[in-house]
Amino acid sequence: MAGNSRRRGAVRKESTKKGPVVGSGGKRRKALEGKGPTPKAKERTGHPAQRKAAAAAAKAEKQRAAAKRAEETPEIIAGRNPVVESLRARVPATALYVALNIDSDDRVREAVRTAADHGISILEVPRDELDRKTGGAVHQGLGLQVPPFDYTDADDLLTIARNSGDAPLLVALDGVTDPRNLGAVVRSAAAFGAHGVLLPRRRSASMTAVAWRTSAGAAARMPIGVAPNLTRQLRTWADEGLMVAGLDADGSTDIDGLDLATEPLVVVVGSEGRGLSRLVRETCDVTVSIPMATGVESLNASVAGAVLLSEVARRRRAAGRT
């Protein structure tokens, strides 16, 4: 039995290797193939950059929704003087709210009489309801409901200007955020023969009751449009044959050398603080400055716009007489 190498009672150990004995069926080769470029950090689910980008997008969407609701929600002008001034300026209104048991004075009586003359509904409401409607503002028992402004489509402004029979004259505002300045520009645009006013959708005042009141009713006659992207709209108008002149303290020419005044023209008024934005300035065919006496501070946006529009109107009148 010495020649028998196998011990009695020994158990043969089976192979523990898993998977196919011969070949891999190509699985190893496929496993080694690349999966394409690595996604950007903000595109990787769960990555801090992706979470930050998602939060920023959600915030932007929330702001757009809030702006849309604001555009669609009627505005309530609060206070006796503001209500009377708005009614005098013929700001379009749908209702005059008068608090019950109000202490009447000349302003209250004028507001009620003017509203009745203009066919505006007069509603007596409890004071706490007027508090709620005005958001807790000091209303002194009077509130005037103003509907959202009816803006003209930006693309229609040029059509309106061309149908006027005169060389188109449009005014664009680049970042004017004070509604009083907006109202003043609208008033000047109407006074000096402009055919429409264009506002950017973001970083701009809108046609609130304050802007209406400052325009002294001119907003009722002046088409006002809103552009999602001001620079793109200006380039579109330039492609349509309009020249673009921007007001700028360091302009390439002064108002005396504005030879484009009688051409189809867009006048761009910059913001109260920083003036024209870089992209808008680069879009302009010419930038125009207003000569001023030494030591005098620069004019605000609405006054500078009025000066330039007045010069454009003067040159057009002179050209019409020749």
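Strand E12 covers residues 286–289, and two bridges join it in parallel to E10. I take two strands as paired if DSSP finds at least two bridges between them. Helices (H or I, at least four residues) and strands (E, at least two) are DSSP runs, numbered from the N terminus.

A note on the source: this is a predicted model, where local features need pLDDT of at least 70, side-chain atom pairs count only at pLDDT 80 or more, and totals for chains, interfaces and linings use all residues. Residues are numbered from 1 along each chain as its sequence is written, and side-chain values use heavy atoms, with hydrogens and water left out.

**Eight-stranded sheet**

I traced the order next. It is E5-E8-E7-E6-E11-E9-E12-E10, an open sheet of eight strands with parallel pairing. Strand E5 (152–153) and strand E10 (253–254) are the edges, and each pairs on one side only.

Then I looked at E7. Buried means under 20% relative accessible area, against over 50% for exposed and partly exposed in between (1.4 Å probe, protein chains only). Gly-196, Leu-198 and Pro-200 point one way from E7, while Val-197 and Leu-199 point the other way.

I checked the neighbours of E7. Three bridges pair E6 and E7 in the parallel sense, and Ala-172 stands opposite Leu-198 in E7. Helix H7 (residues 179–191) lies across strand E6 (169–174), strand E7 (196–200) and strand E8 (224–227), and runs at about 170° to E6. Axes are lines fitted to C-alpha atoms, for helices over the stretch in contact; angles run from 0 to 180 degrees between N-to-C directions.

What hand does the unit of E6, H7 and E7 have? This β-α-β unit is right-handed. The term applies if, with the strands pointing away from the viewer, the path from the first strand over the helix to the second runs clockwise. Pro-200 has Ala-227 in E8 as its bridge partner. The chain gets from E7 to E8 through helix H8 (residues 209–214), and this β-α-β crossover is right-handed.

**Four-stranded sheet**

I moved on to the other open sheet, with the order E1-E4-E2-E3 and mixed pairing. Strand E1 (75–78) and strand E3 (121–125) are its edge strands. E1 runs antiparallel to strand E4 (residues 142–146), with four bridges joining them. Ile-77 stands opposite Leu-144 in E4.

Two helices pack on this sheet. Helix H3 (residues 80–88) touches E1, strand E2 (95–99) and E4, and its direction makes about 40° with that of E4. Helix H4 (residues 106–117) touches E2, E3 and E4, at about 150° to the direction of E2. Contact means heavy atoms within 4.5 Å.

How do H3 and H4 pack? Their angle is about 35°, and their axes are 9 Å apart. The residues in contact include Val-83, Val-84 and Leu-87 of H3 and Val-108, Ala-111 and Thr-114 of H4.
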